[in-house]
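Thanks for asking me to look through this one with you. Here are my notes, written to be read with the model open beside them.

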Amino acid sequence: MWSVNLSSRLVVASVLAILTFELPVSAVWPIPVQYGEGKIGVEIKRSDFMIKSNVTSSSVINAAIERYQYLVEHEYFESPYDFNEGAIKTSGYIYSLEVDVQSAQDVFDLETDESYTLEVPVEGKAVISAKTPFGAVRGLETFSQLIVANSGRKIIKNAPVRIVDAPKFAHRGILLDTSRNFYHVDAILRTLDAMAYNKLNVLHWHVVDAFSWPIESKVHPELTEKGAYSVDMRYSYEDVKKIINYAKNRAIRIMPEFDMPGHTFTIGEAHPEIMSCLNKQPNWDKFSAEPPSGQLNIADPRAVSFAFDIITEYSRLFLDLGFHMGGGVLNVDCWKEDPVIELYIRDHPGESINSLVNGWFTQMSEKLNEMGKISIAYEDPVLNFNYAAKNTTILQAWASEDSVSKIVDKGYRAIASPWNRYYLDCGHGSWLSNFEGNSWCDPYKGWQQIYSYNPLANITDPEKQKLVIGGEVALFSAQSDETTVDRYLWPRASAFAEIMWSGSQDSVTNTTREASKVAPRLTDHRFRMVARGIMAGPLQPLWCIRHPEACLHPTAPTS
């Protein structure tokens, strides 16, 4: 009986969807903070359409204009929702796009203004106005998403359009791990393209981990020689500089992470003398969260000196003010059973593993400050070891959703990355060859679960809310590499991107946006990304896309 009733409801719903569904200008992803639209179709005058700016001295502006000029000329995107549309009536032409920027200064950091306004008339010249080149880049992306192909033309459906837009959060990132499995430079650049299409602005490059050291070191070349998987799986200085420049032109910061003192087995390949619990087998699980085990010996001055070398070298190579010093999942047993540390604690009354951890991060933070960097770390040193970090330190919350509020309660700025919402590598089972169970962070996180998470939940104090500077979705790469990165990230990272840019509340109704209403825009955006060469995974059968109201769970709650 239930299946018969459901079938009847699906038939009715699908008929209604065919008759009534229309994708508005808010198909732009992420949804703009404020937008207004008319009902007049306008055509892009393709023969002589030009993008130009009042600023010619900015390399970011110049590169963006060249990129979007090419996109407007060559992209031919037909929305999946227009399959039965026919020729749309137009009554005007857009001949050019003027990009008006107040300042050509191209310093990009947490304080940079990314706001813009976009106006598309029913005839003549469209205009983007922005305070910085980076806001202009965001406006250019929005303009490109307004354009669809129809009957051999390129049109904007609902002119006049006026958009006023700015991000809710300053830090909107993806963590990409290139140690467990290697990603060639082209795959990283493609990921940066996709990030720009979603207005994300930080690639948290988890460069190294226990498994490999793929980046060139001029100070300690033995790290790459012994720690890289092969000579073809290395990032040279020139590769890094290329990635940084490519990212900047797309309004993206590259924030490096060199995780220490944990997750450092690969350092032990070259320097076993400064390590603790190096590759303990077969009972590695006592000493680390995953094999191979190994942590820097936090009581050894040589380990501190080595870490200073790493911070100094890569602070100079990576230009971003933020430098992530790691600190996640530190294993106390690894150090407790190290005879050198045991002897040190015995000879220094009052010292303990906890005090050594505190001393380590104090020294690392002071070194980063000396290099002009902002210290960033995982939550563990502060929440698990009571490390009294400077109030300028930024902490990344990962262990639970509650970690975000715990961090801001202590007065620190927070990056929200709770594993149960934002870890995109999960849901593929165990990567341990003899274990049939799940991975620690299963199950798979669907886009709805990502979209429904509000990092400000349970933080009611407006001043503490300001300390949440944004979030990151994470792709640790035990079961990912460049063959899977597109579909593992996208379009789930797109769902995250809209919450980071626009927040979870609809700016018009002041209500939480519902997944059922969001899904058609996300699907449309996924198809556009695929058309641009990003192999984003499908969200639904094509039938559901053509009948969007017919593929809703009959008992799912609504907000």
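The points below go through charged pairs, strands, a cavity, a helix and a loop in this predicted model.

1. **Salt bridges overall.** Let me begin with the charged side chains. Side chains of opposite charge can pair when their charged atoms come close. This model holds 27 salt bridges. Some of the residues involved are joined into a network: E75, E141, R528 and R532 are linked to one another in this way by salt bridges.

2. **R180 and D209.** R180 forms a salt bridge with D209, and their closest N and O atoms are 3.1 Å apart. What does the pair tie together? R180 sits in the loop between β8 (171-177) and α4 (185-197), while D209 sits in the loop between β9 (202-206) and α5 (221-227), so the bridge connects parts that are 29 residues apart in sequence. Both partners fall under the 20% cut-off for buried residues: R180 counts as buried because its relative accessibility is 10%, and D209 counts as buried because its value is 2%.

3. **K367 and E370.** K367 and E370 both belong to helix α11 (residues 353-370), where they are 3 residues apart, about one turn of the helix. They form a salt bridge, with the closest N and O atoms 3.1 Å apart.

4. **K466 and E463.** A further pair within a helix deserves a look. K466 forms a salt bridge with E463, and the closest N and O atoms are 3.2 Å apart. The two residues are 3 residues apart in helix α16 (residues 462-466), so about one helical turn separates them. K466 has a relative accessibility of 59% and therefore counts as exposed.

5. **E98, a buried charge.** Please look at this residue alongside the pairs above. E98 lies in strand β3 (residues 90-101). E98 is buried yet has no salt bridge. Which side chain of opposite charge is nearest to E98, and how far away is it? That side chain is K125, at 4.8 Å, and a salt bridge needs the nitrogen to be within 4 Å of a carboxyl oxygen. Setting aside neighbours within four places in sequence, E98 is in contact with K52, S53, N54, K125, A126, V127 and I128.

6. **Strand β4 and its partners.** Now for the strands. Strand β4 (residues 116-120) has a covered face made up of Y116, L118 and V120, and an uncovered face made up of T117 and E119. On one hand, β4 runs antiparallel to strand β5 (residues 124-130), with 4 bridges joining the two. β4 and β5 form a hairpin with 3 residues between them. On the other hand, 5 bridges join β4 to strand β7 (residues 153-165), and this pairing is also antiparallel. Y116 is a handy landmark for both pairings: Y116 stands opposite A130 in β5 and opposite D165 in β7.

7. **Cavities.** The model has 4 cavities of 30 Å³ or more. Which residues line the second largest cavity? The lining consists of A210, H263, F287, S288, A289, E290, P292, S293, G294, Q295 and V329.

8. **Helix α13.** In helix α13 (residues 402-409), the buried residues include S403, V404, S405, I407 and V408. The buried residues of α13 pack against α12 (380-385), β15 (394-397), β16 (413-416), α16 and β17 (468-475). α16 is also the helix that carries K466 and E463. After α13 comes G411, whose phi is positive, near 90 degrees.

9. **P443 in its loop.** My last point concerns a proline. P443 is found in the loop between α14 (419-422) and α15 (447-451). P443 is exposed, with a relative accessible area of 56%. Leaving out residues up to four places away in sequence, P443 touches C426 and G427. P443 and L424 are 19 residues apart in sequence, and their C-alpha atoms are 9.8 Å apart in space.

Terms used:
Residues are numbered from 1 along each chain as its sequence is written. This is a predicted model: local features need pLDDT of at least 70, side-chain atom pairs count only at pLDDT 80 or more; totals for chains, interfaces and linings use all residues. Side-chain values use heavy atoms; hydrogens and water are left out. Buried means under 20% relative accessible area, exposed over 50%, partly exposed in between (1.4 Å probe, protein chains only). Lys and Arg count as positive and Asp and Glu as negative; His and the chain ends are not counted. Contact means heavy atoms within 4.5 Å. Two strands pair if DSSP finds at least two bridges between them. On a 1 Å grid over the protein atoms alone, a cavity is a set of points where a 1.4 Å probe fits but cannot get out, and a pocket is an open set with protein on both sides within 12 Å along at least five of seven lines; lining residues have an atom within 4 Å of a point. Grid points are joined across faces, edges and corners, and a volume is the space filled by probe spheres set on the points.
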